[in-house]
Amino acid sequence: MASRKTPLVATSWFPPVVGALTVVAIGCIIEALLRNDLPSPNTRYIIPLPSDVLLAFERIVVEEGVLTRTGVSAFEVLTAGIACVIVGVPLGVLLYRFDILRRALEDWIAALAAAPIVLAFPLFLVLFGRGSTTIIVIAFAYGLAPIVLKTLEGLIETRRVLINVGKSLNLSQTQMFWKILFPSAIPSIFTGIRLSWTFCVIAVIGVEFLVNLGGLGQLINDLAERYDMPGTYAGIGFVILVSVIFFIILEWIEKWLQPAR
Amino acid sequence: MTSVETKSRVAGKPETGQPVLIIDDVVKTFGDAEEAVTAVDHVSFNVKQGEFVAVIGPSGCGKSTLFNIIGGLLGEYDGNVLIDDERISGPHPSVGMVFQEESTFPWRSVIDNVAFPLELRGVAKSERYDRARHFIGLVGLDGFEKRFPSQLSGGMKQRVSIARTLVSNPRILLMDEPFAALDEQTRLLLGDKITQIQQELKQTTLLITHNLTEAVQLSDRIVVMTYRPGKVKRIADINLPRPRTSDVVGSDAFGHYVAEIWNDLREEASRGMQESEQVARADRRHG
């Protein structure tokens, strides 16, 4: 019997290749439009040619110390992100455990998630000074709510039958939490972590840009102020690239911690 | 089964024929005085050592309430549920529960699911894995030890739940419609598996079900319940030969028992249906 071939669309490499080709295709379309002065000849002053942006990548790596700056931003994101997990998960558990706390605080925390905290950066500058601490604190405040809310949601949505299995086996409250509630909530907690760290990345780069301090956000600000448009877009592209790598690593960790997924 | 397990199962158990579970005049009412609903009304029967008893009745007859009372998940009730003269008011180590809904832990492999009760008791890993493997084999899931529930079918997941319950060596296996979500063929085949396990372990079993053929296929006795409030309408002896397989479904005697019990059930099921329709009409009238 002839061996059955896996359809092309079902292979693991097909989706990323399609994604990459889509980006390349969009780049080619933009290149063609700009070279033909479309939609207007002035557009090239604010949108550089994608080919120039590609060439600028080497320049920002060699001349602008982009790797060191990535290290600074990564440190700030990781510090804020880890602090969000350390504070957010127990806070979510507390809200689950004490109904009065949940009813009192859940709406406020949801409001915190929606609030544009980045805009309050002057207040944080006054409180924590012009340095990494301010950026980390803002990113922490920005990224905390999703972890708290998703931890709470994961615990609340533990299936009743699993709790009944625990009760039928006479589990203590501690055993019930560690053996059933917490493992059941882990997928939701990971969703919270992914959201939270995305917010941390946005907050860190955004505040670095706004206060012209630190890593990649400051680099983009510098390049924009120098009106180096290819460099600015290359900087933004670099942030996207780093974010993609960052979230791929996070997904690997998630898969490693949850083999059942 | 290993000799060690055989001994541990037999030791401390009453002789076959002795009641191990006594349900005596149990009443359970929900709600306050004005809007009280009696779910279980003066229900009495017992289950003997090694016996397979099914409780059958239409939806709303209090079967699941009874399951929760016997399993200790509903602590407050009138009357007595006794195991060794001890009144059940919370989960009892002698009772192992299998739930209607799929209840495997999705984050644990099959073997870790089955070994879970032993892990709670602090049994050493190698020993609990040995015992878990034995029960995985008993429910016919050899080779699936390292799989996760997401990689199994509905029937296989339910077998994992049954193995997880049996590994605790419960004196009474209490099952609430464990095959309700499965198709008829799988249900019959799992019925075979349950019969085989019950005969091998001499496992005292109480099955809550609304499936008439399942009840007759598996049971030694069937407790027929009335529609709300749930009372015992009749207790029927099923004298089909053992060892039993799903082949029994085609026999005249099986058909006779099904017809006989359906006669009792039909009236209750009709009453339940009429009442549901009245409630639906009233809801429609009140918008």
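Three residue pairs are in polar contact across the interface of chain B and chain A, both residues being at pLDDT 80 or more; a polar contact is a pair of N or O atoms within 3.5 Å, where within protein one must be able to donate a hydrogen and the other to accept it, and residues adjacent in sequence count only if both atoms are side-chain atoms. Helix α4 (residues 116-120) of chain B gives the most to the side of chain B that touches chain A, with four residues. Helices are DSSP runs (H or I, at least four residues), numbered from the N terminus.

This is a predicted model, in which local features need pLDDT of at least 70, side-chain atom pairs count only at pLDDT 80 or more, and totals for chains, interfaces and linings use all residues. Residues are numbered from 1 along each chain as its sequence is written, chains are lettered from A in the order in which they are written, and side-chain values use heavy atoms, with hydrogens and water left out.

**Chain B against chain A**

- On chain B, 20 residues are in contact with 17 residues of chain A, contact meaning heavy atoms within 4.5 Å.
- About 1,700 Å² is buried between chain B and chain A, and carbon and sulfur atoms give 69% of this area; buried area is the accessible area (1.4 Å probe) that two parts lose on being put together, summed over both.
- B:P91, B:W107 and B:L120 supply 33% of the area that chain B buries against chain A, more than any other three residues.
- The rule finds two salt bridges across this interface, each a side-chain nitrogen of Lys or Arg within 4 Å of a carboxyl oxygen of Asp or Glu.
- A salt bridge joins A:K179 to B:E119, with the closest N and O atoms 2.7 Å apart.
- The side of chain B that touches chain A has eleven nonpolar, four polar and five charged residues; Ala, Val, Leu, Ile, Met, Phe, Trp, Tyr, Cys and Pro count as nonpolar, Asp, Glu, Lys and Arg as charged, and the others, Gly among them, as polar.

**Domains of chain B**

- Chain B is assigned domain 1 (3-94 + 175-286) and domain 2 (100-169), with bounds from an automatic or database domain assignment.
- The C-alpha centres of the two domains lie 24 Å apart.
- In domain 1 of chain B, 17 residues are in contact with 14 residues of domain 2 of chain B.
- The area buried between these domains is about 1,400 Å², of which carbon and sulfur atoms give 60%.
- Across the domain interface the rule finds zero salt bridges and two residue pairs in polar contact, both residues at pLDDT 80 or more.
- α7(B) gives the most to the side of domain 1 that touches domain 2, with seven residues.

Note on methods. Helices (H or I, at least four residues) and strands (E, at least two) are DSSP runs, numbered from the N terminus.
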